[in-house]
Amino acid sequence: LKVSGGRLHPPPQAPRGLEPPHCWPGMRAAMVGHLLAWAVLAQKKVGVKEVVFDSPVADIQWASPSNKAVFLQTSKGRLYRSKDGGEAWDDITDGFKGKGADSADATVVDQIVVSHADRNVVGVVGTKHMHWITDNAGLTWRRVRHKATIHSFTFHPTRASWALVSTWTPECSKPPQTKKEKEKEAESHQYCQHMLYITKDLGRTFQLVATYVVQFNWGHESHGQQDRIYFTRFRQGDGDQPKLTLWTRDVDFCYTDNQGGKINKRIPRGNKFLISNNYIFVAKLKDQDAQTVNLMVSADGSNTFNQATLPVELEEKSYTVLDTSEGAVMLHVNHGNRAPVGVGGVYISDKEGYRYAMSLPNNVRSPSGDCEFDKVLSLEGVYLANFKDNGDPEGKTAEANAAADQLEDDAAGTDVDRKHAGGGRGRGKDEEI
């Protein structure tokens with residue numbers, strides 16, 4: 001936590017990498033039931049205040065233009081608010097009762113989302129169809145009503161009242177059905193689907209954008225595409241939506257400029273994507289049997305895509321975009337299932353983001369896909385990384401593809417950004433139920 005002027009300051013927002021879903025975990029703070037709030041006092045003395053919560057800290061989000069309003073979520077789903085930058089905390093969870101919530105059901109908070117356009121606007125996604133919005137940094141709350149369980153809530157980058165909302169239909173939460181029940185469901189065309197909606201009035205009304213969605217995100221302001229919606233989705237028009245557990249030919253990368261009125265298919269077989277700064281990355285299926293992909297890169301707002309070119313011809317199983325903040329792309333590539341396990345190659349691109357040179361062979365990564373690679377924020381262009389020295393200076397060996405079983409993830413941000421952010425939930429904009 002950053003300390004200056006006697007107050008806690010928020011870390012950056014929490015973006016993600018382009019890997020299978022287990023490679024983008026959300027914030028898992030190591031603070032077990034405690035938060036140490038530090039304040040810099042006169043004559044360089046330091047005051048420490050210990051605050052005890054009901055369970056480990058799961059997420060912290062700063063709100064309001066001054067960042068004095070802080071929201072903290074615990075692993076048990078309790079929500080705390082501080083109005084003075086973290087000095088004092090109030091448990092506001094039970095205050096949601098009576099705001100349209102069933103008093104018999106305990107309120108459980110699942111996600112906190114702060115609008116970039118207006119930091120007084122905060123969304124709280126709860127369980128059991130209970131979700132709330134505030135436009136005054138938590139002084140008052142209004143319940144968001146939707147017929148289905150809201151899975152994720154993504155604010156527009158520049159319009160404070162706009163947001164993308166994804167839901168899973170009620171059929172997705174039903175217990176296993178008999179053959180007769182499935183036939184009846186098919187006749188009524190009530191299937192399990194991941195639905196994408198847009199709201200332009202902070203959750204008072206919703207407009208359907210697309211169905212059978214995997215990922216989604218707003219376009220980037222640098223290309224004037226902040227109103228464009230990018231998403232990947234299954235081509236099927238009916239039936240239950242399958243889980244994206246492997247790279248598949250049945251998912252395409254699309255976009256819409258009129259909130260779903262016209263959907264444009266941009267990259268067929270584009271399974272996963274990521275938007276970071278002015279780059280758009282899309283993992284496009286190459287061989288379904290071999291489970292290999294090609295990385296497609298655009299630096300002009302998806303007008304043109306180029307296939308990422310590596311210096312050697314190796315299998316490409318998955319990618320982690322490490323950093324894009326220096327005008328180039330730092331990319332970690334999982335090359336397949338050859339020894340040694342637990343490593344991948346780190347490559348650096350040109351300014352267009354698709355021609356790469358080897359930067360570091362055998363970069364260490366965990367079984368969950370987290371790369372041991374980080375940026376020194378105070379020193380421009382300086383990175384720290386671990387690599388495994390196994391007598392292979394060319395870096396032509398790579399890790400086992402031990403965890404490429406589930407491929408759902410967030411569509412914004414890089415691995416370095418996520419590490420420095422600390423906040424944000426991993427399930428924000430993916431298809432996981």
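Colleague: On what basis are the values given?

Modeller: This is a predicted model, so local features need pLDDT of at least 70 and side-chain atom pairs count only at pLDDT 80 or more, while totals for chains, interfaces and linings use all residues. Residues are numbered from 1 along each chain as its sequence is written, and side-chain values use heavy atoms, with hydrogens and water left out.

Colleague: Which strands are the edge strands of the open sheet of four?

Modeller: Strands here are DSSP runs of E with at least two residues, numbered from the N terminus, and two of them pair if DSSP finds at least two bridges between them. The order is β17-β18-β19-β20, with antiparallel pairing. An edge strand pairs on one side only, which here applies to β17 (213-218) and β20 (264-267).

Colleague: Which residue in β19 stands opposite Tyr-230?

Modeller: Strands β18 (residues 229-234) and β19 (residues 251-256) run antiparallel and are joined by six bridges. The residue in β19 that faces Tyr-230 is Tyr-255.

Colleague: Is Thr-248 buried or exposed?

Modeller: Thr-248 is placed in the loop between β18 and β19. It touches Phe-234, Asn-271, Leu-285 and Gln-288, leaving aside residues up to four places away in sequence (contact means heavy atoms within 4.5 Å). A polar atom of its side chain lies 3.1 Å from the backbone nitrogen of Asp-250. Buried means under 20% relative accessible area, exposed over 50% and partly exposed in between, with a 1.4 Å probe and protein chains only, so at 10% Thr-248 counts as buried.

Colleague: Which side chain joins that of Gln-259 in a polar contact of 3.2 Å?

Modeller: Gln-259 has its place in the loop between β19 and β20 and is buried, with a relative accessible area of 13%. Not counting residues up to four places away in sequence, it touches residues including Trp-162, Ile-198 and Asp-227. A polar contact is a pair of N or O atoms within 3.5 Å; within protein, one must be able to donate a hydrogen and the other to accept it, and residues adjacent in sequence count only if both atoms are side-chain atoms. The partner side chain is that of Lys-200.

Colleague: Why is β27 largely enclosed by the rest of the structure, and which residue in it is the bridge partner of Leu-331?

Modeller: Strand β27 (residues 343-349) is largely enclosed because six of its seven residues are buried. It runs antiparallel to β26, with four bridges between them. The bridge partner of Leu-331 in β27 is Tyr-347.

Colleague: Which residue in β10 is the bridge partner of Ile-112?

Modeller: Strand β9 (residues 109-114) is mostly covered, with six of its six residues buried. Five bridges join it to β10 (residues 122-126), and the two run antiparallel. Ile-112 has as its bridge partner in β10 Val-124.
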